[in-house]
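Here are my notes on the model, in the order I'd go through them with you. Have the structure open while you read.

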Amino acid sequence: MSASLVLPQIPRFSDRNYFTIGDVAREANVSTSAIRHWEKEGLITPDRHKDSGFRIYNASDIRRVLIIRTVQKAAYSLNIVREVLADLEKNNMAQAKEITLQSLAYNDYALEEQVRGIAALQNLLDVVSKLH
């Protein structure tokens with residue numbers, strides 16, 4: 001994917017071909033340690049500068065980090081992140097969309113269960129408070 005498609009709203013990056021891990025972390029609003037962890041997990045594989053060995057990222061890498069961050073926030077599981085990334089790489093948008101919808105449905109269910117749990121705890125607190 002071209003940089004113009006990935007980073008159109010970021011004029012400060014329009015003349016750059018590569019980015020540091022700090023640039024990527026700031027742009028994606030994640031920590032550099034999260035990016036390193038995702039690299040360790042095989043979710044992202046940045047190039048290395050031939051002289052310094054530092055990680056160097058391109059616009060596609062930033063796009064990938066943004067996808068990882070977004071899917072992980074919604075799905076929690078790195079396995080789901082891997083599935084979505086694999087489907088996107090194969091241009092299997094329907095499957096990526098389905099996984100995303102399933103993750104949203106699960107999150108809705110989990111939130112409903114949390115609200116029920118909070119209500120049950122509040123009821124228990126009310127009962128215990130009346131005993132004292």
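1. Buried residues (under 20% relative accessible area; over 50% is exposed and in between is partly exposed, with a 1.4 Å probe and protein chains only) make up 30% of the 132 residues in the protein. The protein exposes about 9100 Å², and carbon and sulfur atoms supply 55% of that; areas are from the Shrake-Rupley method with a 1.4 Å probe, and for residues only the protein chains shown count as cover.

2. Some ground rules. This is a predicted model, where local features need pLDDT of at least 70 and side-chain atom pairs count only at pLDDT 80 or more, while totals for chains, interfaces and linings use all residues. Numbering starts from 1 along each chain as its sequence is written, and side-chain values use heavy atoms, with hydrogens and water left out.

3. On confidence: mean pLDDT (the predictor's confidence in each residue, from 0 to 100) is 80 for the protein, and 87% of residues reach 70 or more. Over residues 1-8 pLDDT stays under 50, though the model has 11 contacts beyond four places in sequence for them. Where pLDDT is low, the predicted coordinates should not be read in detail.

4. The layout is six helices and two strands, running α-α-α-β-β-α-α-α from the N terminus. These are DSSP runs numbered from the N terminus: H or I over at least four residues for helices, E over at least two for strands. Take contacts (heavy atoms within 4.5 Å) between residues at least 6 apart in sequence: 47% of them join residues at least 24 apart.

5. Now the largest nonpolar core, which has 24 residues, with Ile35, Trp38 and Val65 making the most contacts inside it. Helix 2 (21-28), helix 3 (32-40), helix 4 (59-75), helix 5 (78-89) and helix 6 (93-131) each give two or more residues to this core. By core I mean buried Ala, Val, Leu, Ile, Met, Phe, Trp, Tyr and Cys residues joined through side-chain atoms within 4.5 Å. Beyond four places in sequence, isoleucine 35 is in contact with Ile21, Val24, Ala25, Val30, Ile44, Tyr57 and Val65.

6. Helix 2 is mostly covered, with six of its eight residues buried: Ile21, Gly22, Asp23, Val24, Ala25 and Ala28. Asparagine 29, in the loop between helix 2 and helix 3, has a positive phi of about 60° although it is not a glycine. Most residues other than glycine have a negative phi, so I'd look at that one on screen. Asparagine 29 is exposed, at 65% relative accessible area.

7. Glutamate 39 is in helix 3. Its side chain makes a polar contact of 2.4 Å with that of arginine 55. The cut-off there is a pair of N or O atoms within 3.5 Å; within protein, one must be able to donate a hydrogen and the other to accept it, and residues adjacent in sequence count only if both atoms are side-chain atoms.
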